[in-house]
Every structure is written in structure tokens, then in C-alpha cells.
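Please read this briefing beside the sequence and the model shown here.

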Amino acid sequence: MISLPSFQEMKFARLISSPHEISSFGSRNGFRSNVYSIKENPICRSISYRSSEDSTTEQLYRRISPVGDPKVSIVPILDQWVEEGRSVDEQDLKNIIGQLLYYKRHNHALQISMWMTDKRYFQLSPLDASIRLQLISKAQGIEQAEKYFNSLSRKLKGVQVYSALLNCYATAQCVEKAEALMQKIRDLGYAKRPVEYNLMLNLYKKTGNMEKLDALLQEMEENSIVRDRFTLSIQLTAYAAVMEIEKMDKIVTMMESDPKVAFDWTNYSAAAVGYRKAGLLDKALEMLKKAEACVPTKGYMYAVYNCLLIEYATIGRKDEVVRIWSLYKKYKIYNRGYKSILKSLAILGDIEMAEEIFGEWESQGLTYDMHIPNAMIRAYSNKGMFEKAEAVIDRAISKGGKPDCWTWYFLATGYLEKDQPEKAVEMMKRAIVICQPLWKPSTEPLAACLEHLKGVGDMEEAQELIKLLLDKSIISLDIQEKLLNAIQTEKY
């Protein structure tokens, strides 16, 4: 892989610590203006590449896209493409990696990354190595990512690669490993930007360690590391989680009054989420209105509308959801937009409008994205309309869709809500069997399923379910042992 041009390297540095999803949108047949990225919340690493529908990128992606099973290699497709005498350059491959990442197809993205150097002999740059490291972490786990990191030459082991490994540790919430690596980054003199600090701050936020979070913020101040808008967004959500409303108010005021801080819609939406979680719906609504006022005229306006739809629905404002959707419809709407509106309507419980929009999506001829039927399955399941939910699954399969872990998970949560735990356990097991490693469902439905099995005395199936959770890295070994002990002693 040849190193990216310097302006793209700079763009990477700007976007590496974004706390919000940076979306990409595309053509009618589903190929988007791509993002060559590792997307994490709150860390988003992305570089955008444009491609036309008739480009080499688009043509090759059409062959790769139907291979939805991550266990099926796409390398033969790449080899066949070359054997046919067709050209392919590194930019085309990076475009496709970006598209695969958009759909969280990490294993296939990793296969292309490896093929680029193994079969096409493109030179690996530090940025490419950092992205590959994170792909390995996603597809194969932390241990394999560590092995890859250790195998890299000193030339490639710059700040980007160290930051990538830190991102892997932070994402997996490996606190001790992340702290040790952060100290190594300090020792090497790489701790000069907010990026690495943001990773650690977000880790401390997720693990509820406010003392270490505040200490790290103090370190940033002492070392003159400027807090960027992502730092402040992490602070907002961290303070919201512990109901530190005064500190939230202070951060919002500081960001709005400081001309050096680019206070945009992402920050207002972070504040809105914080106030909502604290029960301050009026303040949340105020922040959403300010976020809406920051909608860009192009590009990320889609991301803003998607965010607003969900947040207005979460605070129960159907009128605002309908209003935002009417604004959205002035532009071309792609799968992500339909997913957002259907999710919003599921939250609001508006089945009639959801059915209307789902029918509209089916008529558009967009790429069949299982996220969209899943949104309807979720809406129906929440209402106990299981026959309709199963009909959506059947229709999806008939149109080439493939039910995923969320399909069965939404059914499981619906059955739990309607006091049908036997069916819930069945659906939950289906979800876990086909899920990718490190899938993170809510713990409450899992606990409810285990509680039911314990209650009816089916310890064998409970143990089987716990083993499935361990095999897919959904729980750790120590949690497995605690659950098994709890079940065996009738104390769970």
C-alpha cells in the first residue's frame, strides 16, 4: 500500500477522535462515497474517497457485496478479477475497504488489506498499518492485534500505530493495558495531541472512573494539550452519566463562549443526550434546536437529521420527528435515513407510519440492507405483533436478505416484554449463535433469560447459554464462573 497523500493524512488527524458517527451516503444501488475508516464511538478514524457508479471500485464491489457470510473468503473474487485482465489500484481497494467497514464487515475488509500487500505488493504505510491493526482486533481479537503490533518494523511504529492499539484497548475496555500503553506513548514523546487523551478519557467515562478522568484532564492542562470539541463532548457525556449538571452547564457555556472551540451540532447533540438522561427534557430540547441550527448545507446534514430523528423520538416529540422527516425528504434518502426514521417510529410506537415508510423503502430499489427490516421487526416485537415480525423476516429472506443477530435479539426482547420467556430464550440463542465476537447486547434481556432457565430448573440449558456467551466473547471467563456459581447455588 502506498502512503496516502499528505492532505489526507492531515484529514485523518483531524477526524481520528470524533465522538460521533461520520456517515457516508451514496448511489441508488448502494455504493456510497466511501469512508476508509475504523469507526468507534467515540473514536472515528476516517478518510473519504469519492467514486462514480461506473468506476472500477463500483464494479468490483458489486461482485464482493453479495458475499455476506464473514466466514466465506472474498480473496477468490479478487484473484478472479485480476485473472480476467481487469485493472485494480490501491485507491479502488481502499474505497471498497471503506464500504465494507461501513457495514461492519471487518473480516472481509481485513482480507482486502492483506491481499493488497500479499498479492499486489503495495507498500504498507503507517496509516495503513494502523487501520489493519484495528481490523485485526475487530475480526480476530485483541491478542492477534497485539501480535501484529509486535511484528511491525520500527519504521511503521509511529504515533498512528500506537494510537490505533490504544484505540483497540479502549474499545475492549482493557483498562490496565490501555494505561500501560498510554504511559509508553508519553515516554516516546507522542502524547502531544488530544487524540490519545480522548481515547483514555472515553475509556474512563465508560468504566465510570471519574477520578481518573478528572486527573487526566488536569494533565492535559498542565501539558498545554488543548481540549478539542471531542474532549469536551466526552466531558459532557461523562458528567451527564453521574448527573453532574452544573459541570455540564459549565462545559456548554465555555464551549459556546470560546471562539477557538468549534462548537457544532455534535456537541449540542451530546449535551442533549446528557440533559435527557438527567431528566431535563426542556434543556435537551433546547440543545437539539441549537444542533438543528448548525445543520450544514451539504455533506453531514444527513448525519444531523439521523441524530435529530432518534433524539426527538427518545424524548417523545413525535411532532418534531415528523417535521425533521419532512425536511429530510427534500433530499435523496438512502438506507441510513430509512433506518433512522423507522427506529424513531419504533421508539414512539407508531406502527402505522412505520409500515407506510417501510413500504416506501421497499419501492425505492435500494440495496437490501437488513437494518431496515430489523427496524420493523423491532417495532412489531415491541407491540407483541410477532406474526407480522416473522412475516417481515420471511419477506426479507425471499428478497435476498439474511437475518442477523439483531433480528433474533429484537424478537427475544419482544417475547420477554410479553411474558413469553421460552420463546425469548430460543430467539436469544439464535442471536448469539450467529453473532460476531464481542457483540454487545443489553445485559437485562440476557439476565432475564438466565433467570427464567434457573426458575424452571433447566440448569443444563442455562449452562449452555452461558458457554455460548463466553465462546463469542460477550462475557469474560470470570463472569462465566460467577454466573455458573450463582446458578448452581440458586443465588443468581
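In which helix is Arg-132 found? Arg-132 is found in helix α6, helices being DSSP runs of H or I of at least four residues and strands being runs of E of at least two, both numbered from the N terminus. The model is a predicted one, in which local features need pLDDT of at least 70 and side-chain atom pairs count only at pLDDT 80 or more, while totals for chains, interfaces and linings use all residues. Residues are numbered from 1 along each chain as its sequence is written, and side-chain values use heavy atoms, with hydrogens and water left out.

**The chain as a whole**

- The protein contains 26 helices and 2 strands.
- Of its 492 residues, 53% count as buried, where buried means under 20% relative accessible area, exposed means over 50%, and partly exposed lies in between, with a 1.4 Å probe and protein chains only.
- The protein exposes about 22,300 Å², of which carbon and sulfur atoms supply 51%; accessible areas come from the Shrake-Rupley method with a 1.4 Å probe, and for residues only the protein chains shown count as cover.
- Among the contacts in the protein with a separation of 6 or more, 64% are accounted for by residues 24 or more positions apart, contact meaning heavy atoms within 4.5 Å.

- Arg-132 of helix α6 counts as buried, at 5% relative accessibility.
- The C-alpha atoms of Arg-132 and Phe-149 are separated by 9.8 Å, and the two residues lie 17 residues apart along the chain.
- Ser-137 also lies in helix α6, which spans residues 126-140, and it is buried with a relative accessible area of 9%.
- When neighbours within four places in sequence are left aside, Ser-137 is in contact with Ile-142, Ala-145 and Cys-168.

**Helices α8 and α10**

- Helix α8 and helix α10 (residues 194-206) pack at an angle of about 5°, with their axes 10 Å apart; axes are lines fitted to C-alpha atoms, for helices over the stretch in contact, and angles run from 0 to 180 degrees between N-to-C directions.
- That angle makes α8 roughly parallel to α10, since angles under 35 degrees count as roughly parallel, over 145 as roughly antiparallel, 65 to 115 as roughly perpendicular and the rest as oblique.
- The contact is made by Val-159, Ser-163, Leu-166, Asn-167 and Ala-170 of α8, together with Val-195, Glu-196, Leu-199, Met-200 and Leu-203 of α10.
- The residues of this contact between α8 and α10 divide into 7 nonpolar, 2 polar and 1 charged, with Ala, Val, Leu, Ile, Met, Phe, Trp, Tyr, Cys and Pro counted as nonpolar, Asp, Glu, Lys and Arg as charged, and the others, Gly among them, as polar.

**Helices α18 and α19**

- The axes of helix α18 (residues 335-348) and helix α19 (residues 351-364) come within 9 Å and cross at roughly 165°, which makes α18 roughly antiparallel to α19.
- α18 passes α19 in a left-handed crossing; a crossing is left-handed if the near helix is turned anticlockwise from the far one by less than a right angle, and right-handed if clockwise.
- In this pair, Asn-335, Tyr-338, Ile-341, Leu-342 and Leu-345 of α18 meet Met-353, Ala-354, Ile-357, Phe-358, Glu-360, Trp-361 and Gln-364 of α19, and the residues of the contact divide into 9 nonpolar, 2 polar and 1 charged.

**Helices α20 and α21**

- Helix α20 (residues 371-382) packs with helix α21 (residues 386-398) at an angle of about 165°, their axes being 8 Å apart, which makes α20 roughly antiparallel to α21.
- α20 passes α21 in a left-handed crossing, and the contact involves residues including Pro-373, Met-376 and Tyr-380 of α20 and Phe-386, Val-392 and Ile-393 of α21.
- The residues of the contact of α20 with α21 divide into 9 nonpolar, 1 polar and 1 charged.

**Tyr-275 in helix α14**

- Tyr-275 lies in helix α14 (residues 265-277) and counts as buried, at 3% relative accessibility.
- Beyond its neighbours within four places in sequence, Tyr-275 is in contact with several residues, among them Ile-245, Asp-249, Leu-280 and Met-287.

**Positive phi in loops**

- Lys-104, although not a glycine, has a positive phi of about 60°; Lys-104 is found in the loop between α4 (90-102) and α5 (106-118), and it is exposed, with a relative accessible area of 55%.
- Gln-173, also not a glycine, has a positive phi of about 60°; its place is in the loop between α8 (159-171) and α9 (175-187), and Gln-173 is partly exposed, with a relative accessible area of 40%.
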